[in-house]
Amino acid sequence: MAATIALSLHHLTKQYPGVLALDDVSLEFAAGEVHALLGENGAGKSTLIKAIAGAIEVDSGMIRVGGQEYARMTPHLARSLGIEVIYQEFNLVPSLTVAENIFLGDRTGRGILIDQKLMVNRAAEVFRDFEVQIDPLALVRDLPPAQQQIVEIAKAVSKKVRILIMDEPTAPLTVHEVDSMFEIVRRLKQSGVTVLYISHRLEEIFTICGGPRTAGELSGAAHHAVRSCAGTDPCQWQRRPRHFVCGAER
Ligand SMILES: Nc1ncnc2c1ncn2[C@@H]1O[C@H](COP(=O)(O)OP(=O)(O)OP(=O)(O)O)[C@@H](O)[C@H]1O
Ligand SMILES: [Mg+2]
């Protein structure tokens, strides 16, 4: 039986002044799998995920989510479709508590009043699931970078995420913390979440994605890159100038 496609990108192009960041990118992401997105610095990985999340407007192309086509993605629309992104740059408010950051923008209470107690309890629940100890009432600025990263993940997970995009999420983490994060990613996958995972660390890609395989119908630059990465020389992957899907855990 053919895999259900959670997200597909059709001929996305994005030109910045002097740089063609996305060059006719077409990719498919099967539902409930962990997909790796690889490419050297400046290959366009972050641009690609910003396009998916509606954080930037593409010049041409179309995004399909759950069978619906969207020529113009917006942050609001992406969120309503269950797309959450953990960006390379932290997006937390340092002067707010952990719980306030997680539920920022949510209507957790009645009207504009946010129910503090409910928020703290729900944040504590998410951390219990993750088996990490973070005080929901701590100020984000007082947390070490690794815990801030976990708060970012908790924030995405608390939003009924269907497609979780992680842009080099392990950069600030220790080896042990990376293991815990992988455990969280596996659990998300088991609950049907589709994960797009960006990293420069090839050993991570193998751990989380279970090795390379060509994924779906591809075209343009991405197609060539996938063919190349399915070969045997991993070093070659990083020299490739474009982004590609390389593996998906079964
Ligand atoms: N806002 C912008 N304005 C102009 N050029 C940009 C902008 N954002 C990205 N670029 C350029 O687009 C290209 C792709 O950048 P992008 O950040 O998507 O790469 P990346 O694959 O995420 O790289 P890295 O691995 O370093 O995170 C780069 O040449 C970058 O300099
Ligand atoms: Mg990037």
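Here are some notes on this predicted model, point by point.

1. Overall make-up. The chain has 250 residues, and 39% of them count as buried. Its secondary structure comes to nine helices and nine strands. If you look at contacts with a separation of 6 or more, 69% of them are between residues 24 or more positions apart.

2. The ligand shell. I'd start with ligand 1, which has 13 residues around it. Tyr16, Asn41, Lys45, Ser46 and Thr47 are the closest of these. Two elements give two or more residues to the shell, namely β2 (19–30) and α1 (45–53). The largest share belongs to α1, with three residues. Sorted by class, the shell holds seven polar residues, five nonpolar and one charged.

3. Helix α1. This helix deserves a look of its own, as nine of its nine residues are buried, so the rest of the structure largely encloses it. The buried set is Lys45, Ser46, Thr47, Leu48, Ile49, Lys50, Ala51, Ile52 and Ala53.

4. Glycine 54. Just after α1, the backbone at glycine 54 takes a positive phi of about 75°. Glycine 54 sits in the loop between α1 and β4 (60–65). Outside the four places on either side in sequence, its contacts are Met73, Thr74, Pro75, Leu77 and Ala78. Methionine 73 is 19 residues away along the chain, yet the two C-alpha atoms are separated by 4.5 Å.

5. Strand β4. Valine 65 is the residue to check here, and it belongs to β4. Valine 65 is buried, as 21 other C-beta atoms lie within 10 Å. Not counting residues up to four places away in sequence, valine 65 touches Leu7, Tyr70 and Leu81.

6. Strand β5. Glutamine 68 lies in β5 (residues 68–70). Leucine 7 is 61 residues away from glutamine 68 in sequence, and 9.6 Å away in space, C-alpha to C-alpha. Leu7 has already come up as one of the residues that valine 65 touches.

7. Packing of α4 on α5. Two packed helices are described by the angle between their axes and the distance between the axes. For α4 (residues 116–130) and α5 (residues 145–157), the angle is about 110° and the axes are 10 Å apart. The two helices are therefore roughly perpendicular to each other, and α4 passes α5 in a right-handed crossing. On the α4 side the contact is made by Ala123, Val126, Phe127 and Phe130, while α5 brings Ile150, Ala154 and Val157. What classes do the residues of this contact fall into? There are seven nonpolar residues, no polar and no charged.

8. Backbone spots to check. Most residues other than glycine have a negative phi, and most peptide bonds are trans. With that in mind, two residues are worth a second look. Histidine 11, in strand β1 (residues 5–16), has a positive phi near 55°. Histidine 11 counts as partly exposed, as it has 15 C-beta neighbours inside 10 Å. Lysine 160 also isn't a glycine, and its phi is positive at about 55°. Lysine 160 is in the loop between α5 and β7 (163–167). With 9 other C-beta atoms within 10 Å, lysine 160 is exposed.

Definitions and conventions. Residues numbered from 1 in each chain as written. Chains lettered and ligands numbered in written order. Predicted model: local features only at pLDDT ≥ 70, side-chain atom pairs only at ≥ 80, totals over all residues. Near = placed C-beta within 6 Å. Helix = DSSP H or I, 4+ residues; strand = E, 2+ residues; numbered from the N terminus. Nonpolar A, V, L, I, M, F, W, Y, C, P; charged D, E, K, R; others polar. Contact = placed C-beta atoms within 7 Å. Axes fitted to C-alpha atoms, helices over the stretch in contact; angles between N-to-C directions. Parallel < 35°, antiparallel > 145°, perpendicular 65-115°, else oblique. Left-handed = near helix turned anticlockwise from the far one by under 90°. Buried ≥ 20, exposed ≤ 12 C-beta atoms within 10 Å, placed from the backbone.
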